Structures are given as structure tokens and as C-alpha cells.
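Dear colleague,

The findings follow directly after them.

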Amino acid sequence: MLGEKEYMMWLSGLSKLSHHKKDDLLRRFGCAGDVFKASERTLGSLKELSDENVAYICGSRSSDGLEKYAERVYSLGADYIIKDDGYYPDILREAYEAPLGLYIRGDKTALSKKTVSMVGTRKATPYGMSVAEKLSGDFAAAGAAVVSGMADGIDTASHRGALKAGGKTIAVFGCGINICYPKTNERLMERIISSGCVLSEYPLDESPYPYNFPRRNRIIAGLSMALVVVEAEEKGGSLITANLAADFGREVFAVPGNITSRASRGTNELLKSGATPITEARDAFFAAEIDEYEKITSPKEKISLEKNEKLVYDCIQLREIALDEILSETGLDISDVKFALINLEMKGLAARLPASKYTAL
Amino acid sequence: MIVSVKCCGLEGLRGYTVAAEADVSKGFPSFEIVGLPDSSVKESKARVRSAAQSSGFNFPDARRIVLNLAPTGLKKAGPSYDLPIALGILAGDGKLRRYIFENTAFTGELSLDGSIKRVDGILPMVIHAKNEGFSRFVLPYENRNEAALIGGIDIIPVRSLKECCDYINGRYPIPPYVNTAQNAESADMLPDFIDVKGQEEVKRAMLIAAAGMHNILLSGPPGTGKTMMAKRLPSILPPMTFEECIEVTEIYSVAGLIKDSSALISRRPFRNPHHTISNAAMAGGGRIPRPGEVSLSHNGILFLDEFPEFSRDVLEELRQPLEDREITISRVNGTMTYPANIMLVASMNPCPCGYFGYSDKCSCSQNKIIKYRNKISGPLLDRIDIQVEAAGIDYNKLSADAKGESSQSMREKVLKAHEIQAQRYKNSAFSYNSRLDAAGVEKFCRLGQNEKRFMERAFNSLSLSARAYHKILKTARTAADLDGSENINVSHIAEALSLRSFDRNKV
């Protein structure tokens with residue numbers, strides 16, 4: 001049986017029709033089902049549609065085809081939520097060019113949570129990756145759902161952080177939800193679906209065309225109550241998303257970075273033009289309307305450190321520091337330093353970075 | 001009149017006796033060599049004829065000469081049969097006394113002017129001849145030092161066919177050669193770790209690697225001294241025993257890599273083939289397979305710089321020798337097994353551009369980095385116990401006067417650890433921690449309650465893969481041995497955990 005949901009799948013999947021024309025059609029006919037059933041003459045009489053458009057619409061109308069397609073969507077365990085659906089997030093509905101509907105796989109209730117979007121460059125530095133993971137973990141622990149795009153770099157770290165903290169996370173795709181892009185994130189995608197959800201406005205099998213991503217970004221921006229840019233280069237999708245979020249009236253946060261770092265140029269630029277600096281998850285709680293402050297406990301206070309561990313911890317707190325330097329600064333034996341570092345890592349106070357460097361968390 | 005002159009053929013490192021039987025008789029004039037000679041042996045006809053004439057003999061051109069190389073079933077190759085063939089013909093022609101041919105082996109390549117040139121593979125030939133009960137080996141003068149390494153058989157070095165014939169006829173006695181000046185290649189001549197400033201973690205990792213003969217992978221950007229440190233690794237390994245020296249020398253002898261001046265190879269081999277190396281050059285090959293780089297590194301170090309740049313086939317080839325400590329190569333002309341008991345030292349950049357994590361200038365995408373690292377397959381990585389990252393170069397360190405630990409003192413520690421291991425494994429077939437199998441790990445790397453808990457916590461909080469478990473225990477065992485500690489304690493485990501950087505660095 002075809003219902004409004006399925007008809008909307010059809011309408012939103014008409015890729016040659018602009019979003020405006022689809023909106024106009026919906027306004028005129030009231031629902032997608034009526035567009036589907038309208039006669040060719042009625043459609044032809046509309047001044048906003050060209051003859052080509054009419055032929056395209058009529059050529060794509062096949063009840064059998066649509067039924068089969070919908071069947072495929074449901075057999076994937078996926079669903080489609082339209083604007084009238086209770087699950088369709090209100091904040092997204094308010095956004096400019098809000099999608100007609102969203103394909104969703106996973107837990108729909110994730111959409112009803114408070115949301116924080118986290119975006120950033122694909123070529124992230126270890127600093128960016130660890131910050132993204134930490135912030136996202138804290139947001140998730142405070143009960144918010146972390147929204148991102150499942151790209152390499154910051155996106156991946158953001159999803160990972162939320163999953164590690166046992167929270168909800170939402171990935172918005174620029175391709176069909178049956179396609180994993182990038183391929184290397186296949187396992188991450190499975191984990192996101194099992195404890196959160198993946199979303200896309202694109203029909204199944206849609207390839208990750210480059211021009212899909214700027215449009216995808218408007219959903220990430222639209223879904224966010226607060227948007228955090230962790231690391232961004234001078235040009236790139238993250239800044240587009242930040243601009244969109246600002247246009248939608250959402251608060252944009254940027255993580256301050258080293259002014260000499262390539263990957264922090266964009267975020268530092270954002271800060272100059274008025275974005276709010278963020279150094280801990282709490283900074284964004286007000287904007288994201290998160291009130292579960294108490295859930296985040298400061299773990300550092302409870303942990304007791306041994307003498308060597310304290311020496312080493314003092315060393316790594318200042319900056320990212322190489323093992324060789326820790327040795328010369330503490331004057332300890334290499335075995336002792338390594339022992340202290342492993343212990344600090346296991347206590348969650350230190351992280352090992354590439355290049356035999358360490359940093360405090 | 002038939003004469004049989006004994007010589008030696010080689011199949012890999014195994015020698016076998018070949019009899020050059022010459023029949024010089026009346027009949028239609030001809031000269032034929034039979035017994036599966038390859039073209040290099042067939043060509044010896046021309047050399048033998050000229051050499052004989054240059055040495056003042058009349059070559060029996062007018063007679064029928066048949067020369068058979070027995071056993072006839074095995075293929076004979078190389079110029080080392082020249083001398084036995086020439087002697088067979090001359091003796092068959094009645095120009096030489098024959099009593100000597102009973103218990104003497106001969107080998108040598110002839111030059112047209114009658115001089116005798118060096119041949120490859122002398123050492124295994126002499127070993128074989130000695131085991132077969134020959135009392136004398138007549139061989140090229142240039143090969144004398146190499147041959148004299150083996151006692152219990154008289155080595156008679158000869159410079160020319162004339163000299164050799166005079167010796168046989170008793171006109172020119174040659175005393176058995178004894179090598180008095182044993183060349184002493186000592187570790188002192190090797191580059192020293194004292195020159196390496198900073199890089200304490202890598203140095204420590206190398207010390208542990210050497211102490212347990214663990215394979216090691218170094219990662220770091222260009223110019224951090226990975227190659228420099230790898231080249232210093234031989235200086236902290238204890239010297240080879242005489243048996244090990246002979247094993248290595250045999251391989252080099254077969255490969256034709258022995259220089260006359262340094263007959264016995266007493267220094268541990270250090271081979272660093274270029275990454276464009278072919279399969280055959282790495283594993284061994286050729287029509288009659290010769291030892292490749294894995295065998296030439298036997299009892300020593302095989303250093304592979306730019307590890308991921310090696311062709312995948314070449315790298316996968318290493319898996320079997322790393323496991324079995326020998327390599328078997330099959331070619332048309334036979335199957336050879338060469339020893340390959342190596343310590344693998346590999347070095348690589350962290351990403352294609354070389355600077356990931358070290359400098360902001362790295363522009364490699366995550367995808368590219370993963371692809372680059374995936375060039376090294378899991379099973380191969382599984383055979384490498386220690387992975388360590390070089391630190392980025394700090395220029396203050398370079399100029400500092402403070403010197404690092406010297407190779408001498410590191411070598412002493414290694415030696416002590418080796419002794420402990422030899423004692424522990426005296427009833428086993430192996431003598432290093434790195435050679436422990438799963439059952440051995442259970443037996444020799446037992447952990448106390450405290451250590452078990454520590455290990456468990458570490459695995460959970462550091463996201464290590466279960467595959468790393470045994471390697472960490474083996475490395476921890478070596479760290480404990482370096483410490484002179486009977487039991488593995490938590491700090492040894494921590495040390496071993498920190499030497500798994502590759503597992504732990506998510507891109």
C-alpha cells in the first residue's frame with residue numbers, strides 16, 4: 001500500500017527538480033500523493049513547471065516501481081520520516097530548505113535528544129582528533145546526541161568519542177544510507193547504527209557525489225542546537241557548515257588552535273569573526289540547552305598519582321612533548337618514565353601521540 | 001687407460017663427490033664430455049686444451065678422449081671441473097703418476113695460459129671432502145685461506161696447471177697450507193651507538209631487540225637517524241661462535257662473496273638490500289638456486305629500509321624464513337634449502353610524505369596513510385615483536401655534548417641477557433626469547449597475580465589487539481632478562497607495552 005510517506009520518497013527523489021519547485025508543488029497540491037496522482041494536464045497548466053519538468057515527473061510515476069523501492073527501504077531496516085512525522089526534529093523543520101524527508105537507519109529516538117553538531121577537517125592533527133573525541137564524549141555523557149558527517153578526521157573522532165562514552169550519535173550522509181562512505185568507516189557505521197542513527201535525504205544507491213556534501217552540510221547545521229568546529233583549514237566544508245548554522249541562528253563554537261597550525265587556520269578565523277571559543281564541553285551546554293551538568297564528573301580529582309607519575313604528568317601538561325624531552329626534564333630513567341606514562345595512560349590522564357610524543361588529557 | 005680424478009659438486013650448501021673419469025684411447029680422434037655437463041662445463045674442452053699446451057704438454061689430439069662426470073644423474077655446472085678434467089686427460093695419456101688420485105680431491109678453473117683461478121663454494125667442498133675421508137685437497141691458490149679454515153685435511157694450494165702436475169709427479173713438493181694469520185674482524189671497527197644523540201627510546205628498543213633477538217620495526221620521518229641506528233645494531237650483538245662463523249662463511253662461499261683477505265666471516269652479516277630488490281634476489285634463485293639476501297643475513301641482520309616500498313611479493317616471501325629459520329627454494333634444476341636465521345630490522349616513514357605527526361607540513365589524507373601502512377600485511381607484522389617510533393629531531397639535542405651510552409656497555413648487557421636465555425633454554429632447540437612459541441610463552445613467561453591484573457587493565461584501556469598478547473609477553477621476558485630479574489614484573493610489561501607503537505597509533 002502506498003501512503004504519503006512513500007509518495008514523499010518519490011517526490012524528494014526527483015533529482016532533476018529543484019527543492020523550490022518541489023516545495024511549490026507541495027504547497028499547491030497539499031501532499032505528495034496528490035502530485036503523484038495529478039493528471040498530466042493539471043501539471044502542464046502550472047506556470048512554474050516547464051514542459052520538460054512535466055514530462056520528467058510523468059515519466060517517473062510508476063506505482064509498481066515505487067512499491068518495490070519502498071519495500072527495499074523497509075527490508076534494510078530503514079525508515080523514512082517526513083515533516084509531519086513526530087520524529088522529524090523541530091529544529092530541522094525551522095531550517096532553510098529543510099529536507100522533505102529523511103531516510104533513517106538505527107534508533108529514531110536519537111533525533112529527539114538535544115543535539116550538538118561537530119565538524120572539522122578530514123586532515124586533522126592528533127590535537128584535533130583528541131580534542132574532538134574528548135568534547136564529543138563529554139557531550140554524549142551529558143545526554144546530548146552528537147551529530148557529524150562520518151568523514152575521515154574530525155568527524156570520525158567525534159562519532160568515536162560519543163560511542164566510547166556510551167552516548168548517542170547521528171551521522172548525516174551525502175549519499176544513500178545503504179552506502180558507506182568513506183569505505184574505511186564500515187565498522188564505525190555499524191556501531192553508529194546500533195547505538196544511534198544514520199540519516200540522509202538522498203535515495204538509496206545515491207553515490208557520494210561531491211555536490212551532495214554542501215547540501216548535506218545544511219542538514220548538519222540545521223540539526224544542531226550548537227555547532228562546534230574543531231579544526232578547519234582556510235577553505236572547506238566545515239566553514240560552509242558554520243556559516244549555515246550562523247544563518248539558521250545557531251550558536252557556532254570554534255576550538256582555538258595553534259596559530260601556526262594549518263589545520264587551525266579556519267577555526268582561528270572563525271573566532272576572529274565572532275564565533276565563541278570552546279575549551280570544554282560545558283561551554284556549549286547553555287547554547288545546546290543541556291542541563292545535565294552533574295553527569296560530567298571531573299575525573300582528575302579522584303585519581304592519586306605516585307611520585308614519578310606526578311613528575312611526568314607535570315611535564316606533559318604544558319604541551320605535546322617528546323619522550324626524549326621528558327627524560328631530560330625529569331632526569332628519570334627511561335624504564336621509569338615509560339612505566340609512569342603507561343600508568344597515566346591507563347588512568348586516562350595521558351595520551352600517546354604519533355612521533356613518540358605524549359600529551360596530558 | 002681409465003683414470004678417475006675426484007672433485008666436488010655442490011647442491012646448495014651440500015657437497016657431493018664427483019669423479020672425472022677419463023678414457024684416452026686409440027680410435028677416431030675426438031673429445032667428448034658426458035655426465036650432464038652444462039655449457040660452462042662443455043666449454044672447458046677449449047680451456048683444458050689451451051692450458052695443457054701452454055703448460056708444455058702435448059695435448060693428445062690424435063686420440064679418442066671420453067670424459068665422464070659421475071654420478072651421471074646430477075647436472076654439473078661451473079668452471080670448477082676444469083682442473084680435474086685436465087688432470088684426468090693428462091694422466092690418461094700417461095703423463096702423470098696416478099697413486100695420488102686415490103685420496104685427493106681437486107678443483108680449480110683453468111685459464112688459457114695454464115694458471116688456476118679461484119672458484120666459488122670452496123668451504124662446503126672442503127667440508128665434504130674431509131667428511132668423505134679424503135686426505136688432501138688440491139685447490140686454487142686464491143682459495144687457500146678459506147679452505148684452511150677446516151682442519152683435518154691437507155690443503156695444497158696451486159697456482160698453475162704446471163705447478164700442479166709437477167706436484168703430482170713429485171718434482172715440486174708443496175707443504176700443506178696452514179693459515180697462521182687469522183684475520184680478526186672485531187666489533188671495535190663497527191660504528192658505535194655513542195655517536196647517536198637523543199633517540200633514547202629507539203636505543204632502548206634496539207637494546208631489547210638485540211637481547212632477545214626480536215625483529216624490530218622503526219618508524220619515523222626522513223633524517224631522524226633510523227638508518228644510522230640500524231647500522232649500529234651489529235655493534236651491540238655478541239660475536240659469533242666459530243660454528244656460526246663457519247655456517248655464514250659457507251653461504252658466502254657458495255655465493256662467491258668471499259674475498260681472499262678475509263676468509264672466515266667472523267663479523268655478523270648486515271645486509272641492507274635496496275627496496276627495488278626482486279624475489280629471486282631476496283629469497284635466493286637462479287637456474288641453480290644461489291643464496292639470496294635472507295640467507296646472506298644468516299646469523300645476522302637483514303635491514304630493510306623503506307619497508308613499505310618493497311614489493312608485496314618480496315615481503316611475503318619473508319614470512320616462511322622468519323618462522324622456519326631457513327628457506328627452501330625450488331627451481332627446475334633442483335630444490336635447495338639454505339639457512340636463514342635472521343633478525344629483521346625494518347624502517348619506514350609514518351606516511352607517504354614522511355612527516356605525519358612530526359610536522360605540520362604533512363598533507364597526507366587518512367586514507368593514504370592507512371593504505372601506506374597496509375602495504376605491510378598483518379601476518380608479516382605479526383612476526384615483528386617490537387615497533388618503535390623515532391623522535392623528531394631536536395636541534396638542541398644534536399649540539400649537546402652529552403654522549404649516549406656506548407656500544408661496548410650495551411653489548412655487555414646484551415651478552416648477559418643472552419647467557420641467561422641460553423641457561424633457561426638449554427633443553428630446548430632454541431636459545432632466544434623471540435623464538436618462543438605459544439606453549440613456550442605459557443611456560444617461560446608466567447605472570448603473577450599482580451602482573452596479570454596489570455596486563456588485563458592495560459589491554460582494556462589501551463585498546464590493544466589480542467594478537468599482540470604473546471609478543472608483549474616475549475618482549476617483557478627479554479626486558480626482565482636485561483634486568484637480571486627472574487620474574488616478569490609490571491615495569492617490564494609496561495616497557496613491552498610501550499614497544500607496540502604501531503598497534504596503538506590510530507591514524
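Chain B contains 22 helices and 18 strands, where helices (H or I, at least four residues) and strands (E, at least two) are DSSP runs numbered from the N terminus. The model is a predicted one, in which local features need pLDDT of at least 70, side-chain atom pairs count only at pLDDT 80 or more, and totals for chains, interfaces and linings use all residues. Residues are numbered from 1 along each chain as its sequence is written, chains are lettered from A and ligands numbered from 1 in the order in which they are written, and side-chain values use heavy atoms, with hydrogens and water left out.

Taken along the principal axes, the C-alpha atoms of chain B fill a box of roughly 90 × 45 × 45 Å. Of the 507 residues in chain B, 56% are buried; buried means under 20% relative accessible area, exposed over 50%, and partly exposed in between (1.4 Å probe, protein chains only). Among the contacts in chain B with a separation of 6 or more, 73% are between residues 24 or more positions apart, a contact being heavy atoms within 4.5 Å.

The interface

In the interface, 36 residues of chain B are in contact with 28 residues of chain A. The size of an interface is often given as the accessible area lost when the parts come together. Between chain B and chain A the buried area is about 2,800 Å², with carbon and sulfur atoms giving 54% of it; this is the accessible area (1.4 Å probe) that two parts lose on being put together, summed over both.

Four salt bridges are counted between chain B and chain A, a salt bridge being a side-chain nitrogen of Lys or Arg within 4 Å of a carboxyl oxygen of Asp or Glu. R352(A) and E389(B) meet through their side chains in a salt bridge, at 2.9 Å from N to O.

On the side of chain B that touches chain A, the elements giving two or more residues are α7 (200–212), α14 (366–373), α19, α21 (490–498) and α22 (501–504) of chain B. The largest share, six residues, comes from α21(B). A network of salt bridges links K338(A), R352(A), E201(B), R204(B), E389(B) and E495(B).

Aromatic rings

Over all chains, the search finds 14 aromatic pairs. Rings of Phe, Tyr and Trp (its six-membered ring) pair if their centres lie within 6.5 Å; planes under 30 degrees apart count as stacked, over 60 as edge-to-face and the rest as tilted. One of these pairs is F339(A) with F454(B), tilted, at 6.1 Å centre to centre and 45° between the planes. This pair joins two chains, because F339(A) lies in helix α16 (residues 334–346) of chain A and F454(B) in helix α19 (residues 449–461) of chain B. F339(A) is partly exposed at 25% relative accessible area, whereas F454(B) is buried at 5%.

Ring pairs also link Y7(A), W10(A) and F36(A) into a cluster. In chain B, the charged end of R144(B) sits over the ring of Y141(B), 4.1 Å from its centre, and R159(B) lies over the face of Y141(B) at 3.9 Å from the ring centre. The rule requires NZ of Lys or CZ of Arg within 6 Å of the ring centre and within 35 degrees of the ring normal.

Salt bridges within the chains

The count of salt bridges over all chains is 39. R215(A) forms one of them with E97(A), the closest N and O atoms being 3.0 Å apart. R215(A) lies in helix α11 (residues 212–223) of chain A and E97(A) in the loop between α7 (90–93) and β2 (101–106) of chain A, so the pair ties together parts that are 118 residues apart in sequence. R215(A) is partly exposed at 31% relative accessibility, and E97(A) is buried at 15%.

In chain B, D481(B) and R477(B) form a salt bridge with the closest N and O atoms 3.1 Å apart. These two residues are separated by about one helical turn, because they are four residues apart in helix α20 (residues 468–483) of chain B. D481(B) is buried at 1% relative accessibility, and R477(B) is buried at 5%.

Yours sincerely
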